[in-house]
Amino acid sequence: MTELVWITLALPIVGVVVLALLGMKLPARGAGWFASLIMLVAFGCAAIATILLASRPEEERQVVQVAWTWLSAGNFSVGLDLWFDELTAVMLLIITGVGFLIHVYSIGYMKDDPQSRRFMAYLNLFVFSMLLLVLSANLVLLLAGWGLVGLSSYLLIGFWHNKPKAIKAAKKAFIMNAIGDVGIAIGAFLLFVDLGTLTYSGIFAGAASLSETQASIACLLLLVGALAKSAQLPLHTWLPDAMEGPTPISALIHAATMVTAGVYLIARFNPLFHQAPKVLDLIVIIGVVGLLMAGLIALVQTDIKRIIAFSTMSQIAYMFVGVGLMSYWSGVFHLFTHAFFKALLFLGAGLVIHALHGEQDIRNMGGLRKQLPKVYFCMMIGALALSGIFPFSGGFSKDAILASALSVDTPIGWIAYIGGLAGALLTGIYTFRLMFMVFHRRMSPYAENVIPHSVKHHGEGPSTMLWPVYILSIGAAFAGLLQIPGVTHVFLSWLEPISPFGMVEPSAGQEWLTTLIGTVVGLTGIAIAYHLYARENTAPELIRNGNARLIHRALERRLYWDDLYEWTFERPLQWASSFLNRDVDSPAFRWAPLDGLGQLTAFFGRSFTVIENGIVRMYALVFALGIGAVILFLLVRG
Amino acid sequence: MGVSLNFFLGLSAILFSVGLVGVLLRRSPLTILLSLEIMLNSVNLTLVAFSREVGGSDGQVFALIVMGIAAAEVVVGLGLVVAMTRREMVLDTDELRTLNG
């Protein structure tokens, strides 16, 4: 079984090497299929490994394997350790499965790009990094994976490097994530000082011996990393900008896998977080505020991908609420279903953008359901799942989180419950605002111009782009059935062993009640969206006439987070450096004595050029004489 | 113990001096490389001689590494000589002094 896991990890890096060395010798399509095939094999290996893991008795499902010692200093050593258990298996299946579909989709999406081979190599690199992140069994290796996913995310956001906005977005993502990396690194140092080890097993075994303060500080630092990677408050501003990258990237990295790494981290370190209940409460609060804020901002965005990006932030905030409530299974369950329906929505959006020749503004769309019926149908499934409508997958998983909040029955639990339901209303509105604006109402003049031509020539899109969307639709529709309250509990019983302290498990009654309320709330949201957007975009009238204009403006500016960072960090730095340049540096070095110093240096420099005469034999002679002198000195002294 | 250590060391010193003089006096890059090889091999001889004296194999291993490095160095050096010949440059180190200060 472990061999299969190793193969899963090794395959993508083999793909990277092959594509990097032989990429130009392969035809572009061939390179794409090669990368996809690698992912398919990796998925097969991961699936078989998971089945083998499932066939073991429950106590033996946690496999730790050390390949070799990587670093060793004194009694400290870091190995290339691999940790394979139930949680890893879930992540492995998501990464390789959704990864495979998105690789195939990319073949169609990047068909006309001359650099599609580089794209495929980066994609494989990303998958390798992500697998390393979830498979590592110590913090050092985790940090390596953590950094590598950041790197591949940077490379892929900035893939179109002649687009200045994309480069700026890539830098922003990288810098924000660097803050998180530093958090995890310092957290690792602290844990090493406290416990003397960085392996998961050592940390989990020693967690109980930590005082609450020690555990809290370590958890807070890990949380900084999780917040940065998962685009949660207050380190979330990079995610919407990251949409400048190609759409498959948004689907794979910025929806399905990388941004959920924070949720994985918290679920993985649950024995440590268990010692820091205050940090867990903080995670819930951050989650609730984040999901409401992102939902509100998503209401007014006009770029189709940015709406989905804010929705991603909001859904990950739900996952944070889930893991923060110690209901790790529901957080990971939502991660699982979210991977399907959010990747589906992104890929669908990619098809729409493709059909409209790169247009991303939903105001320039409309009425596309007749031209793109298949895309419409699939995205509708995704939208219903996202809005949490029973019986689509998102309904089960989101309600599992909310039902856990209900069963916790503490003030925090109630905040999470009410906030989560309010968020569900927002989700219904913004999701169906998007659906109605894109697919219903009258077609915009732009779409009227472009779409008949595009549909005539390409249909709804190449089959490499359509099939992944179909398969994801099946997942988005039915993945929730793994966990029907009171009927099936595949996910819960599968993930239960990852937490030694148990998890919050709501009763079937609480779950059904939440499902009922959640569906009603979601449908209400859809109804509101229908009222406002289905025929005409009537919302602008309401805003122009009402008092909501200021709020609208604030939401459009994404609640001023970007401006806040610009005015607190960017501008002061610019002021300080231009002040130093203009008023300190330049005058000082034009000051006469210092100028004399400069001339003196130049004089000495020129004087010594005599010995640099370029004759190699002279150098050798001086060298030999020097060594001779040293030997002579040693002899005389000795 | 047939030959004593001192003979080896003496031979090595002679070889080293021959090489050094070659490096210092000759101007053709090819001959300089040859002289360098002689110097390296004199050091190898010392290493192996000491290794035989002490009885361990460390010195022999080290000598092997020196040979490997020397081979790599000659590859680069000869490559340079060939490249210079192709460009019809003068093969005289005293003339090749574009790097003077």
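The model is a predicted one, so please read each value below as computed from it.

**Overall build of chain A**

Let's start with the whole chain. Chain A holds 27 helices and two strands. Its C-alpha atoms occupy a box of roughly 95 × 60 × 50 Å along the principal axes. When contacts between residues at least 6 apart in sequence are taken, 81% of them link residues at least 24 apart.

**The nonpolar core**

The largest nonpolar core has 215 residues, and the members touching the most others are V332(A), A343(A) and V352(A). Helix α15 of chain A, residues 328-355, is the top contributor to this core, giving 18 residues. What does V332(A) touch, apart from residues up to four places away in sequence? Its partners are L87(A), V90(A), V263(A), A267(A) and L495(A).

**Helices α3 and α4**

A helix pair in chain A is worth a look in your viewer. Helix α3 (residues 86-109) packs on helix α4 (residues 116-135) with the axes 10 Å apart and an angle of about 175°. Angles over 145 degrees count as roughly antiparallel, and α3(A) and α4(A) are therefore roughly antiparallel to each other. The table lists the residues that make the contact.

| Helix | Residues in the contact |
|---|---|
| α3(A) | T88(A), M91(A), L92(A), I95(A), G99(A), H103(A), S106(A) |
| α4(A) | F119(A), M120(A), L123(A), V127(A), M130(A), L131(A), V134(A), L135(A) |

By class, the residues in this contact of α3(A) with α4(A) are 11 nonpolar, four polar and no charged.

**L9(A), a residue of helix α1**

L9(A) sits in helix α1 of chain A, which spans residues 2-22. Is L9(A) buried or exposed? L9(A) counts as buried because 22 C-beta neighbours lie inside 10 Å, where 20 or more is the cut-off. Beyond its neighbours within four places in sequence, L9(A) is in contact with L131(A), L132(A) and L135(A). Of these partners, L131(A) and L135(A) also belong to the α4(A) side of the contact with α3(A). As for G180(A), it lies 171 residues from L9(A) in sequence, with 24 Å between the C-alpha atoms.

**Where chain B meets chain A**

Finally, the two chains touch through 10 residues of chain B and 10 residues of chain A. On the chain B side, four residues are nonpolar, four are polar and two are charged.

Key
Residues numbered from 1 in each chain as written. Chains lettered and ligands numbered in written order. Predicted model: local features only at pLDDT ≥ 70, side-chain atom pairs only at ≥ 80, totals over all residues. Contact = placed C-beta atoms within 7 Å. Nonpolar A, V, L, I, M, F, W, Y, C, P; charged D, E, K, R; others polar. Core = buried A, V, L, I, M, F, W, Y, C linked by C-beta atoms within 7 Å. Buried ≥ 20, exposed ≤ 12 C-beta atoms within 10 Å, placed from the backbone. Helix = DSSP H or I, 4+ residues; strand = E, 2+ residues; numbered from the N terminus. Axes fitted to C-alpha atoms, helices over the stretch in contact; angles between N-to-C directions. Parallel < 35°, antiparallel > 145°, perpendicular 65-115°, else oblique.
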